[in-house]
Structure formats: structure tokens, C-alpha cells
Amino acid sequence: MTDALMSVRDVSRVFSLGHGPFTRQGHLRALDRVSFDLFPGEVLAVVGESGSGKSTLSRIMLGLDRPSGGEVLLEGKPVETYRRRAFARIVQPVFQDPYSSLNPHKTVRQLIEMPLVIAGEEGKAERLRKVRELLDILRMPTRMLDAYPSQMSGGQRQRVAIARALISRPRIVICDEPTSALDVSVQAQVLNLLMELRATFQLTYIFISHDLSVVEYIADRVAVLQEGKLVELADVGTLFASPRCDYTRQLLESALTIPRVEESMRPPDGPNL
Amino acid sequence: MSQILEIEGPTPRQLLARRAAGHPGFLIGTTILSILVLVALAAPLLAPHDPYAQDLTQRLLPPVWAETGTWNHLFGTDALGRDYLSRILHGTRVSLLIGLCAAVGSGIIGAMLGMLAGYYGGRVDNVVTFFISVRLALPVVLVSLAVVSIFGGRLWIVVAILSLLLWDRYAVVVRAATQQLRSREFVTAALAMGASTPRILLGELLPNLAGPLLVVGSLEVGHAILLESALSFLGLGVQPPTPSWGLMVAESKGMIFYDARLIALPGAAIALTVMAINLMGDGLRDILSPGGRA
Amino acid sequence: MKMASPPDKTTPGRPVLEARNLSVTIATPRGEVKAVRGVNLSVAHGETLGIVGESGSGKSVTSLALMRLMPSNADVTADRLVLGETDLLSVSERRMADLRGQRMAMIFQEPMTALNPVLTIGRQLVETHRRHRRASVAEARAHATDLLDRVGVPRPSERLGSYPHQLSGGLRQRVMIAMALMCDPDLIIADEPTTALDVTIQAQILDLLAEIQAERGLAMIFISHDIGVVARIAHQVQVMYGGQTVERGSVTDVLSRPEHPYTRALLSAVPRRGMRWGRDKLGAATWNGLGEGGGE
């Protein structure tokens, strides 16, 4: 197997809870000795329910939070040795809610070029060229350049967020529930798009989700988090066919699916109303 | 693919313009204020006389609507024979200049402190909250008295005093707004992209604070104008012979029973200006707040 | 008022709620929006009707219109809107307030906003009951305890003294269900009641709703954007798009043999068990051109 792109080694994160006059001091162990490797080109899904620690894990992997114990290695080096900008060159986020993750006072162009502006290496014309190129890849018209988020649908906004994550050509994209705020049809578009972009940009995804059918559709490996512990990590086929852990089994049983498509039902070729 | 390609609805700015056009209070306030600004800019051209020129032979001439009034001195003259209309027109300059400068100055102080408190929270927040409490405990008149008696009553000193005394409302509003914005994902996104703290504060947060800042700012202009008048009336503000409305009221206070116009005219000017500004400020609040996302 | 015995699920009797040609027009500053256009629906005792649609399909507006909970800028019209024997279009606002809670109850997506945060859940349950039934506090409390027990709230008598924020999301939704059942309604309208919950909890709540619905022979309208959820709980399903019903039928028929292109496209966009990128592809862009105005 190739070298890991990112290694999470024994990572724990403990939050100390309120110590006001009326509350006792307490600790919340959001992550408890979590370890896994992320290999180049794969889609690693992190599955868990609320309180499982998946958001804390995503913040740590994005360099927004430090583990209380253990370490995270990026390309073999501890993340602390990276400067923030250098780290952002390699790892970029796509967040859940495109209504909140895009600054409402910026145009599409300003939003997408922001990582380049922060890096501060290219001129204005070069940045614009890259933004246009990316819009083209995402099949968005260039007249969107001057639109504001409030003028766009959820799917369009999430495309802008994806474009912003990709403009500085990162190696890892951490998607935190990127489709759970979207309608199913838009979700399908965004999922297909993310997977197409993986090939185009040679990306490695960490895909944080609670939706098991989405995970099965796109992930190569699945990590299951329960109350801060990594309870199972397996290939997607193995995990769905023969889960080892009880909790995973419970998750799989709770997931709601619809009956399989019958042969007679083919997706329509186009609108024929 | 039409769903992907479509851009729906107006830009945020178009939306604001549309809401502004449907708000009578805002329109009236803005119209009066625009006229006042034009008057201030064109005061030397509009004023029939030099506002400083004394003519002791022409003292206390009545205004044109009095029986003995003349068109030469529309609003009459004051106790030193200076043309009252010219002085009021030039007073617009002083009032608006002080109001605007003080509002901007205190806005910078308040916005900075508020953003820092709201963004960092914790100890920084405690320190700023302490400063706000201290500022609220300071008696404005007493502080002005002390400062003016030490440094004198020059215009820029009055502006500085007002800037240092009016930032509290900005700080409170900005702090609360920043606390809300801080948890929005676009701030986290900027952090994850490696943005520096100044970039996040000025590039990401400030544009989103423009609305509340404008609303507070417009109301503070009115506040500053009133305070300047009050300070000048007490002799702590702008010094004679500068034509300030507050000073004009003060200079004529002995005449109140003989020639009320000397007080009523600058008083009306103050009231009109502050009313226009408050109408505009209230309108701005209505226009900017419903579209919290716009 | 209640039927003597729960009717057989397979042969639904007379509809509990029937709406014909229901339309809702909302007046906005930018003009009128036809949120719901000529929707027909009916639901019988012992039957669950699922309404599926994406955002903007009019499904939530429909549910609010059925409860007559629309704001004043909305105009609701229908050829027929009947709950049992009562014509909902003509009853007074006061009578309507009685009907809500007594004969029809609603379960919302976010129980935290539907429950009053400063009152104990016992107080809220008892008040609901006493507002509609002339029962003593003791009777109402006993009834509330029984119901909390039925919806699977552990230690129900102790829980009566809890405040909403002391409960987990799943428990809160169970309390909401108990509150909806307090006055023994004929119809329950559930608007995305499990959307805010974790998957394991969601499955439990759905099972509970299905059980209670069968046990009491309730009519239920279940609104969701999630086809998987509707497939699990509903008998009949109605697919909405652009304020109109595009397809209706039994769940098995609609999900396995969809006829309308929108339903087909919608179903093809849902990832199913065993689907993998590369081998299967979600049908995402196939109906994008369907566009505005329903296309008819």
C-alpha cells in the first residue's frame, strides 16, 4: 500500500465544560484515541450520529482545532510544522450548509478566488482566469461571476463552495455533510459532481456523513464513530455486507431504503410532459 | 439544465434600493439631509453676507416678516450686527462637520473594540465590557469641561471629545452582531483557507456589520450634533466667533423675552437636522434589518 | 366520536379528511405566489398518507392549509375541505381552534420550538387535555402518564416534572407524539417529524408512529422530503411538485412502478442499498429541464 496522505494517530480531544457558579466542572471526551490513515485517491467516509465526535474530528483534520492527545500527520509531517497557509494549500473544506458557508456580501468571483487572494501569489487577471476555468469545469455560466449567494439556489451555492475548495488545487477535500442540506435531486447532482472532480483533480476525500446510502454510493472505506471512539473501519463492501460491530449493524438496520428499481423503470431520457 | 444556470432575483443592493424606495420616513429624512449637506457645501455662495462681519450700527435688526424688516437681512441681525441668515447657513457646516466626524471617529473606536470583543470572547470580551461600563459611567459634561479647560475649545478638540464619548453604542451593537457572525460557517471556512485574523475581521466580518454600523452611525450623528450644541451653549464647545447653532442660542439667551427669533431660528435648525437624521436612521434600520441575509 | 373498533386497514372506510381542488395563494410584495394548485387528497381511518416533495413543492403549505394555520396574506380555496362531518372552510376561527387538538393534531419537525421551554412537559400535556376536555387535573395527569408510558418515555411520572431542554431530541419527539394523542384525535398531521433526528432514533420514532396509528385506527398524513421514510411508514403516497400532485397511489405501486417523469427522476436520484459510483449512477440531471410551471 502507498504511503498515507494523512495519518490520525491516537487522537483524543477533551473539552472542559462550564465552571460557572451553578455548574460543576466536567469533561467531555469528544474523541477517544482515534487512529486511521488516509491514502491518496480514496474516499474515506466517517459515519456517526450526533455526539459521535465527527465534527470535532473534521475540525482537527482541517487544522482548526488541536487534539488533546495524539497527533495528526500530513504527508508524513506533524500538522504543527505547517504554517496555516501551507496547510490550506493541501487541505480544503466543503461545509454542510451553503447558506452559512458563503459570505452573503461577496460575489461568486470574490468567494471563489479567496484562497488565491489569501495565498497572495497570482495577479488579478490570473485569478479571474482560474475562476472562469473552474466555473467551466463545474458547468456554471460565467455570468454567475457577479451574482450574490442570495440570488442562487442551494445546489448552485454548494457548487460555489466546491469551486472555492478546489481553486488552489488541494490534495485532500474534507466534506462535512456536503449534501444533507440539499434536496435529493440536487444531492445526486452534487455527489456525481464530487466524484467526477475526484478524477479531474486527483483528489482524496474525507466524507463526513450520517446517510449510509450516500456513503455506500461513493465511499471506498468507512469509519464508524460512536461516542468518540472509532468502532469499525472497513472497506465499504465488507462493512455493508458483514458489519463486525453491533453499533454498525444497528445503524445499517435503521437506515431507510426504498425498494430496488424494477427493470421496467428506466430513468427518462428527457422531459416529456 | 436550466435550474443550474438560472440566477434568481435581484442583487442585495437592488433589493435595498427597492425597500428604500418604499419607505417614506427614509425618503423624507434623506431628502432634508441632502438639502442640508448641499447648503453646508454651498454656504459661502448662498450666504448674503459675511457671517463674521460686525456692524454695530445694524444691531438687532428684525427679520423680513416683522413690520420693520428688510430683504437685505432676511432673518435680521444679531446683537453684534451680524447677518443672522448667513450665520445659520454657515452653522450648518459646523454642525454637520462635527456630527459626521464625531460619528465616524467614535464608529472606528466602537467597531474595533466591539469586533475584538465579539470575535475573541473570553478575556478580551471582559476587558472591552469593562471599558464600556467605564465609558457609561463618565459624565459627558464634566469630562468635556475638564478637557476644554485644559486644551481650549478648538473645533477638532470638540470632535475628539465627542469621538471618545460616543463609541459605546457602536461597541455594544457590533459586539453582539460579531458574536452571531462568528459561529457562521463562512468564518470557519475562511479560517480553514488560512486567512489571517485581520483578514477575517476586516474582509469577512466588517462587510456584514455595515448594516448595523450605518444605523447606529446615523443616529450618532444626530446625537453628536445635539451634544455639540449643548456643549457650545455651555461655552465648552466651539468658541466664538465661529457660527455654531448651539453657540448662537447661548449668545442670545439673554434676549429670549425681547427677540425670541434669535433662539428659535438656530433651535429650529438643530431640531430639523436631528429629525432628518433620525428619520433616515430609523429608515435604514427598517431597510437593512428584514433581509438579515441580504 | 371514536369508532367502536379499528377498521380494517386494507379496506379504508369513509375518509376522515378530504380535500378537493385545494389551492393556496400567498400575496407577497412581489406579487401572488400560487403555493398549492388544485391538490386533491383524502385519508381514511387506519390509513397513513405520505406526501413527498422537495423544497418548494408546496407540501408543508398544504399541511398548514389543512389545519387552517395560514398567515393572513394567504388565500386558501377549495371545492371541498371536510374533516369527518365538519366543513373546515366555513367553521369559525374559534371552532377551528377546538378542532385542532381535539380532532386533528400536528407533530412538527422541531419539538424544541413546538414545546414551551418554560413550562414542564406535565403542565403542557395537562393543559392541552383540560382545554379540550373537562377533566380534573388528577385525571389529566393520569392520562398523561399513561400516554408517556405508551410512547416509550421511561419513568413517565417523573418525566412530567421535566422541562423540554432536559430531554434528548428523541424523547422530545415522543413527548410531542403524546401531546398530539392527549385528546384522542382522529387525524394526525406529521410534518417531517423525524428529519432532525439521528438515524437510529428516527427508525424508533417511525416504528412508534406506525404502531400507534394501527393500534388506534388513526388517520395520518405524513409529510417528508425523504422517500425512504415515507416508504417505511405510509400506505398511500402522493408526490408533489410545484404545488401540484404529480402522482398518487399505493406506496408499493408508486415506488416500484412510477409513472410520472418527475417521480421517476426523483426516485432515480435517491441512492439505494448496493448502489456504487462507477457501476451505478444516480440520475441527477435527467429532469432538470422540467423547469418552472409544472410543464403542463
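Reader: Does Ser268(C) count as buried or exposed, and why?
Author: This is a predicted model. Ser268(C) has a relative accessibility of 11%, so the residue counts as buried, the cut-off for buried being under 20%.

Reader: In which helix is Ser268(C) found?
Author: Ser268(C) belongs to helix H11 of chain C, which covers residues 261–268.

Reader: And which backbone oxygen lies 2.8 Å from a polar atom of its side chain?
Author: That is the backbone oxygen of Ala265(C), at 2.8 Å from a polar side-chain atom of Ser268(C).

Reader: Let us stay with chain C. How many helices and strands does it have?
Author: Chain C contains 11 helices and 11 strands. Its radius of gyration is 20 Å, close to the 19 Å that the globule rule gives for 296 residues, so chain C is as compact as a globular protein of that length.

Reader: What does the C-alpha trace of chain C span along its principal axes?
Author: The trace spans about 60 × 45 × 45 Å. Of the 296 residues in chain C, 55% are buried. Among its contacts with a separation of 6 or more, 68% are between residues 24 or more positions apart.

Reader: What about charges in chain C: how many side chains are positive and how many negative?
Author: There are 35 positive and 32 negative side chains in chain C, and the centres of these two sets are 2 Å apart.

Reader: Now Glu32(C), please. Buried or exposed?
Author: Glu32(C) is exposed, because its relative accessibility is 65% and the cut-off for exposed is over 50%. Glu32(C) sits in strand S2 of chain C, residues 31–44.

Reader: Which residues does Glu32(C) touch, not counting those up to four places away in sequence?
Author: On that count, Glu32(C) touches Thr25(C), Ile26(C) and Ala27(C). Between Glu32(C) and Asn73(C) there are 41 residues of separation in sequence and 9.8 Å in space, C-alpha to C-alpha.

Reader: Changing topic, what can be said of chain B: how many helices and strands are there?
Author: Chain B has 13 helices and zero strands. Its C-alpha atoms fill a box of roughly 80 × 50 × 25 Å along the principal axes.

Reader: What share of chain B counts as buried?
Author: In chain B, 48% of the 294 residues count as buried. The accessible surface of chain B is about 14,000 Å², and carbon and sulfur atoms account for 70% of that surface.

Reader: With which residues is Leu194(A) in contact, leaving aside neighbours within four places in sequence?
Author: Leu194(A) is then in contact with Ile162(A), Cys175(A), Pro178(A), Tyr205(A) and Phe207(A).

Reader: Lastly, is Ser213(A) buried or exposed?
Author: Ser213(A) is buried, at a relative accessible area of 10%, and is found in helix H7 of chain A, residues 212–218. Ser213(A) and Gly123(A) are 90 residues apart in sequence, and their C-alpha atoms are 43 Å apart in space.

Terms used. Residues numbered from 1 in each chain as written. Chains lettered and ligands numbered in written order. Heavy atoms only, no water. Helix = DSSP H or I, 4+ residues; strand = E, 2+ residues; numbered from the N terminus. Rg over C-alpha atoms; globule rule 2.2 N^0.38 Å. Buried < 20%, exposed > 50% of the residue type's maximum accessible area, 1.4 Å probe, protein only. Contact = heavy atoms within 4.5 Å. Lys, Arg positive; Asp, Glu negative; His and termini not counted. Charge placed at Lys NZ, Arg CZ, Asp CG, Glu CD. Polar contact = N/O pair within 3.5 Å; in protein donor to acceptor, adjacent residues only side chain to side chain. Areas by Shrake-Rupley, 256 points an atom, 1.4 Å probe, with all protein chains shown as cover.
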